[in-house]
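Try each one before reading its solution.

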Amino acid sequence: MADRTQEETPYVDALLEYSARETGRFQVPGHKGGLAADPAMVELVGMTGLINDVPSVTEGVDIGPEPTPFQQAQLLAAEAWGARRSWFLINGASQGNHATSMALGHMGEQVVVQRNVHSSVIDGLVLNGLRPTFVAPELDPELGIAHGLTPESLAAALDATPEAIAAMVVSPTYFGACADVAALAEVAHARDLPLIVDEAWGAHLHFHPDLPPAALESGADLVTSSTHKIVGSLTQAAMLHLGHGDRIDPAVVDRCVSLVETTSPSGLLTGSLDAARRQAAIHGEELLGKTLEAIYRTREQIVEIPGLAVLDESMVGRAGIAGWDPMRLSIDVRGTGSTGYRLYKKLFYSHGIDLELYSENVVVGIFGLGEPATTTGERLVAALRAAVGELEAEPREPQEKLAPPPPWGELVMTPREAFLGPQEVVPFEEAAGRVAAEGLAAYPPGIPNVLPGERLTAETLDFIRESIAHGGYVRGGSDRELKTLRVALDR
Ligand SMILES: Cc1ncc(COP(=O)(O)O)c(C=O)c1O
């Protein structure tokens, strides 16, 4: 990449040059650079967006003399994140997890997987057919949330699964807890296995020395990164980064990324990755520095609100927490006597504030790289102060605390066999004892309670019912009302 620097945005430039030429457009998309667009679409996307909605397979953008601007943009991303190779993804980190899972598929039959991985990793198991050994993350019984995986738990699971071909873990968590990825990598590498890290929430970690170390520099072999979450690409635009070891073949990853990707990737999404990469590489440290300072001030104000506490670096050292990412502002609401659900609703409906996540005890707001966090933080603090005051004044029905989730059921089939094999639909009340053909995760916090292939237990079904009664919701079931469940036919 001698002829391109991180200051440049080759893909964005190529798109803009193409649009500026006002080429007669006799290819897709049918809105023809906005000429044929419905006024509502123009209002939604703007003419600039429509003019630059250039499809793939365009001369001088992603085909033509190599390296094409598209290839250059991916090379610059790899350089910026310190990867051996990076792939742009236009179906989110979910696509990264699907591609990763497919890439592992031909390597063997078993894999060790952290239990509270995102649903896209579980979907990846349906795609690749591997038999998982699940490892429980460290649970925080007080806060009712899960943290990371300890190296000891990973080592025990790998020892119990001698045929495993890889270990798949997630760090950071939704709440900002970062695992000791370097130690996890050592554990996996000592058995000559690749460590796959879902770092969907950590695309920014590489760009500021005060943040916990990023997975790639900690030795991870393949890292899914949801660039759109905190580093500012457009929604859906993410990346997959390959580490510097030789345990994963880039050619296999390449073919698997294509397998789970549209043949018409959006130029706007791809361009947004190119632009976000420049922002992070050139200004990331300075912008993050300012945002972090503002977040620390915001935290100080939040803890002065009666009943609120902030989860912060003092959590580091607990099992499964080796670092803390302050870009997630996780607020412990237990002292208010109310719940995260109620606070979230109050903030949304009465104070125009939307949060990323809420659970019974904790709510989470996220900050973006480059966000003017002093102003946005002040707005959040004012709304929290008012909402907590209002909740205090409201009559409240006493609500019993939600019991912790029961242990998960035995895995009797692989997720693929259960999800794709013969199955039937049974009433929810009659599902205990059957093998789930679909996963169920009560949100928040979204840790799967049931995965395809696991035996459904009465305790788990009760927990799911209770969780809904407490204001949560359940994802994964094909019957959204959960009156019925899909179960595998017993063989
Ligand atoms: C840990 C984790 N991995 C993967 C994903 C999927 O990311 P995306 O929405 O970019 O597909 C999420 C989404 O929240 C996530 O939390």
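A residue counts as near a molecule if its C-beta atom, placed from the backbone, lies within 6 Å of it. Keep in mind that this is a predicted model.

**Exercise 1.** Find the residues around the ligand and sort them by class.

*Solution.* Start by listing the shell: Gly92, Ala93, Ser94, Asn97, His118, Ser120, Val170, Asp198, Ala200, Trp201, Ser226 and Ala238. Next, look for the main contributor: helix H4 (residues 92-105) gives the most, with 4 residues. Finally, sort the shell, and you get 5 nonpolar, 6 polar and 1 charged.

**Exercise 2.** Decide whether alanine 177 is buried or exposed, then look up what it touches.

*Solution.* Then count: 28 other C-beta atoms lie within 10 Å, and the cut-off for buried is 20 or more, so alanine 177 is buried. Leaving out residues up to four places away in sequence, its contacts are His147, Gly148, Pro172, Met315, Gly320, Ile321 and Trp324.

**Exercise 3.** Work out how helix H10 (residues 267-302) and helix H12 (residues 373-393) are arranged.

*Solution.* Begin with the axes, which come within 9 Å and cross at roughly 15°. Angles under 35 degrees count as roughly parallel, so that is what H10 is to H12. Now see who makes the contact: H10 brings residues including Thr291, Ala294 and Ile295, while H12 brings Ala373, Thr374 and Gly377, among others. By class, this contact has 7 nonpolar, 5 polar and 1 charged residues.

Notes
Residues are numbered from 1 along each chain as its sequence is written. This is a predicted model: local features need pLDDT of at least 70, side-chain atom pairs count only at pLDDT 80 or more; totals for chains, interfaces and linings use all residues. Helices (H or I, at least four residues) and strands (E, at least two) are DSSP runs, numbered from the N terminus. Ala, Val, Leu, Ile, Met, Phe, Trp, Tyr, Cys and Pro count as nonpolar, Asp, Glu, Lys and Arg as charged, and the others, Gly among them, as polar. A residue is buried if 20 or more other C-beta atoms lie within 10 Å of its own, exposed if 12 or fewer, and partly exposed in between; C-beta atoms are placed from the backbone. Two residues are in contact if their C-beta atoms, placed from the backbone, lie within 7 Å. Axes are lines fitted to C-alpha atoms, for helices over the stretch in contact, and angles run from 0 to 180 degrees between N-to-C directions. Angles under 35 degrees count as roughly parallel, over 145 as roughly antiparallel, 65 to 115 as roughly perpendicular and the rest as oblique.
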